[in-house]
Amino acid sequence: MKFTYKHSIFIGFTILSLSACVTQKYTRPQVKNEGLYRDINTTDTTTIADLPWKSLFSDTTLQSLIQQGINENLDLKQAIERIRISEATLRQSRAALLPSLQADVSVTDAKQSQAALNFPAGININLETQTYRAALSTAWEADIWGKLSSAKRGAFATLLQSDATKRAVQTQLIATIANSYYTLLALDKQLAITEQTIKIRTEDVETMKALKEGAVVNGAAVVQSEANLYAAQVTIPDLKRSIKEAENALNVVLAKAPGTINRTTLDQQLPYTNLQTGVSAQLLQNRPDVIAAEFGFRAAFENTNVAKTYFYPALTLTATGGLTSLQLGNFFDNSIFYNLVGGLTQPIFAKGANKARLTTAQANQQIAFYTFQQALLTGGQEVSNALYAYQTAAEKEETRAKQIASLTKAVDFTKELLRYSSATNYTDVLTSEQSLLTAQLSGINDRLQKLQSVVNLYRALGGGWK
């Protein structure tokens, strides 16, 4: 029977049909992605995750630090190198669909003695030959069951996973730099308030000494005022140490040696207030670690496809051709040789290797699915926590401002009473001053919480890589 073009088409379709019976086409698994944000019921898909990071942070000094981090951070550079590794693996998996080609050039010396040739006694003959050979050989595995195609798709999924992981590193990097920057500003503010408190308490000590000379207070009030001064002074070294440690930590993120960080002040910061979250299903397209987790599942799915193909026969075609001659002079004259071999290998007994390979691949696929679902649930938790942290910080700010105003008046009133009447003593002054300092420092922490919760919400929603 004559082999025609129609026959080749029929065979091609037959092979594709057989392949479809063994390997499966990827579809996104059913995961819980609705209603992941606590106490948020909205159908508005507008989200701050779509904002460029420069639009979220108005402080140009902070913008400069973030850009330095994106350019120089070593974790981000490592993630980029992992993308290169994945690209190389993908190129290799694509090349596996093509035939291999090898060249071989050789010269063989062969010598046989008289004894080996069994010549009669008295005849002394040594036979020496040289064979010259140049050949090309090729081999090609027919992808009947889709093993090589599945491996290629798995490698492509791994590449996309590496790229998504790099984006996740970048979103975390931006959040780390911003939060560290705000922490530094908060520490600066705490230091400034503490230094101002020390100045006031130094004046209080002089006032107490003058009142003692006027017999308004006794010596106990003087030493209590001195102790109150020392209590504030002793916190200064730790605050300065915390500032230096925070600067050093931020410099590591920027891939720089320890040193001073250029920055503005806490009072200059304007937190972004239009905190739109969109719907939780958008985490599938916005949050890089969720995207990476899905590509991880997809790669595991394709690995399972590959494992299934090992139970079916493999068709391999090999061909060799070239020139060979006993004389170098006539190497190109009538010295052509070639052979073509087709082999079909069917696994019969592989010591359980194929079953173990499939079981392992299926288990890894299930693990990847759980990781995918876990990433979504974690994303929902982080969004909910960050949004609530912002709300509580905003509530505390209003009340804290009233508390500080009242405590400021209390300090002024108790000092006046101490100077001009016996209706109070220095213990009341001491208590009100300590309460005022505590409230002022807590107010700074409230402000820091509000700023950082915006950063954390932005990262949790998947912002920072677009």
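**How helix packing is described**

Axes here are lines fitted to C-alpha atoms, for helices over the stretch in contact, and angles between N-to-C directions run from 0 to 180 degrees. This is a predicted model, in which local features need pLDDT of at least 70 and side-chain atom pairs count only at pLDDT 80 or more, while totals for chains, interfaces and linings use all residues. Residues are numbered from 1 along each chain as its sequence is written, and side-chain values use heavy atoms, with hydrogens and water left out.

**The chain as a whole**

The secondary structure comes to twelve helices and four strands, taken as DSSP runs numbered from the N terminus (helices H or I, at least four residues; strands E, at least two). Of the 466 residues of the chain, 39% count as buried, where buried means under 20% relative accessible area, exposed over 50% and partly exposed in between, with a 1.4 Å probe and protein chains only. Contact means heavy atoms within 4.5 Å, and among contacts between residues at least 6 apart in sequence, 83% join residues at least 24 apart.

**Helices α4 and α6**

Helix α4 (residues 74-95) packs with helix α6 (residues 147-213) at an angle of about 170°, their axes being 8 Å apart. That angle makes α4 roughly antiparallel to α6, since angles over 145 degrees count as roughly antiparallel, under 35 as roughly parallel, 65 to 115 as roughly perpendicular and the rest as oblique. Among the residues that make the contact are Leu76, Ile80, Ile83 and Leu90 of α4 and Phe156, Leu159, Val169 and Leu173 of α6.

**Nonpolar cores**

A nonpolar core is a set of buried Ala, Val, Leu, Ile, Met, Phe, Trp, Tyr and Cys residues joined through side-chain atoms within 4.5 Å. The largest has 68 residues, and those with the most contacts inside it are Phe57, Leu62, Ile66, Ile177, Tyr182, Leu376 and Leu457; its largest share, 15 residues, comes from α6. Ile177, leaving aside neighbours within four places in sequence, is in contact with Leu62, Leu65, Ile66, Gly69, Leu250, Val253 and Leu254.

**Two individual positions**

Asn33 has its place in the loop between α1 (5-22) and α2 (53-56), and counts as buried because its relative accessibility is 15%. Beyond its neighbours within four places in sequence, Asn33 is in contact with Ser280, Ala281, Leu284 and Leu376.

Thr60 lies in helix α3 (residues 60-72), and at 58% relative accessibility Thr60 counts as exposed. Thr60 and Thr264 are 204 residues apart in sequence and 9.4 Å apart in space, C-alpha to C-alpha.
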